[in-house]
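This briefing walks through one protein chain, topic by topic, from the overall fold to individual side chains. Please keep the sequence and the structure at hand while reading.

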Amino acid sequence: ANCAAIFSRLAQSSASPICLKHFAHGLNLASMYKIQKRLHSRHGYPRIESAPTMIAATRSSNRLAQETSPYLLQHAQNPVDWYPWGEEAFATARTDDKPIFLSIGYATCHWCHVMERESFEDEAIARQLAEGFVAIKVDREELPDVDHVYMSALQALSGHGGWPLNMFLTPDLKPFYGGTYFPPKAKHGMPSFADVLRGVRD
């Protein structure tokens, strides 16, 4: 009921579609359908597709649609072929002999959302990642131990850290390069994300 009330207030306010999208992705999809169905019957809010349709549509996006983390669900519709942290991703990297691109963030991280919008929603970047890497997305609030290991590695490699934490690993999970936010175009002495991907693969 609290979630329905919050969503109702957001929907009736001037909240942006992005705000509503991120709130919605933070909820279980079946629960989201029930909430909006109740809003439709009580307040006349527009009816949406059924829960199975919502789930099927999301599942067709990438593997993160199967996760429960609000942060990972925010990336479920990226064109990037994201894996969650786990043996499936590690085995794929070993079998394909590809480095791992590990991106760690959290739901309220401003620059995480900026990089998603600028790079992870870009089809050309998604192709680069698919061709050269196994891409893994991690919620630091869900896996703080993983975040700690690779943040320590970045600080040792570069002397700084922050989020989004973007690390490149060998197939056996050893970090060899990393950074935080990479812009879509080179600026202020920072390489573009596409150039970083090319540089790592070369």
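Are Cys-109 and Cys-112 buried or exposed? In this predicted model, both Cys-109 and Cys-112 are buried, and the two residues are joined to each other in a disulfide.

**Overall architecture**

- The protein chain is built from 10 helices and five strands, and of its 202 residues 46% are buried.

**The disulfide**

- A search of the whole structure finds one disulfide, and the pair concerned is Cys-109 and Cys-112, whose sulfur atoms are 2.3 Å apart.
- The link of Cys-109 and Cys-112 is right-handed, with 80° about the S-S bond.

**The sheet and its hairpin**

- Five strands make up an open sheet with mixed pairing, in which the strand order is β1-β3-β2-β4-β5; the edge strands are β1 (83-84) and β5, each of which pairs on one side only.
- Strand β4, covering residues 165-169, pairs with strand β5, covering residues 175-179, in the antiparallel sense and over four bridges.
- Within this pairing Asn-166 stands opposite Gly-179 of β5, while Met-167 stands opposite Gly-178 of β5.
- As a general point, side chains in a regular strand alternate between the two faces of the sheet.
- The strands β4 and β5 form a hairpin that leaves five residues between them, and in the turn Leu-173 has a positive phi of about 75°.

- Leu-157 belongs to helix α9, which spans residues 144-158, and, residues up to four places away in sequence being left out of the count, Leu-157 touches Met-167, Phe-176 and Tyr-177.
- Although Leu-157 and Gly-179 are 22 residues apart in sequence, their C-alpha atoms are 9.3 Å apart in space.

**Salt bridges**

- The structure holds six salt bridges, including one between Arg-63 and Asp-81, in which the closest N and O atoms are 2.4 Å apart.
- Arg-63 lies in the loop between α4 (51-59) and α5 (70-74), whereas Asp-81 lies in the loop between α5 and β1, so this pair ties together parts of the chain that are 18 residues apart in sequence.
- Both partners are partly exposed, Arg-63 having a relative accessibility of 25% and Asp-81 a relative accessible area of 37%.
- Arg-63 and Asp-81 also take part, together with Glu-88, in a network of salt bridges.
- A salt bridge of 3.9 Å, N to O, brings together the side chains of Lys-174 and Asp-172; Lys-174 counts as exposed at 51% relative accessibility, whereas Asp-172 counts as partly exposed at 47%.
- The side chains of Arg-198 and Asp-195 meet in a further salt bridge, with an N to O distance of 2.5 Å.
- Arg-198 and Asp-195 are separated by about one helical turn, because they are three residues apart in helix α10 (residues 193-201).
- Arg-198 counts as partly exposed at 42% relative accessibility, and Asp-195 counts as partly exposed at 36%.

Conventions:
Residues numbered from 1 in each chain as written. Predicted model: local features only at pLDDT ≥ 70, side-chain atom pairs only at ≥ 80, totals over all residues. Heavy atoms only, no water. Disulfide = S-S within 2.5 Å. Buried < 20%, exposed > 50% of the residue type's maximum accessible area, 1.4 Å probe, protein only. Pairing = 2+ DSSP bridges. Helix = DSSP H or I, 4+ residues; strand = E, 2+ residues; numbered from the N terminus. Contact = heavy atoms within 4.5 Å. Salt bridge = Lys/Arg side-chain N within 4 Å of Asp/Glu carboxyl O.
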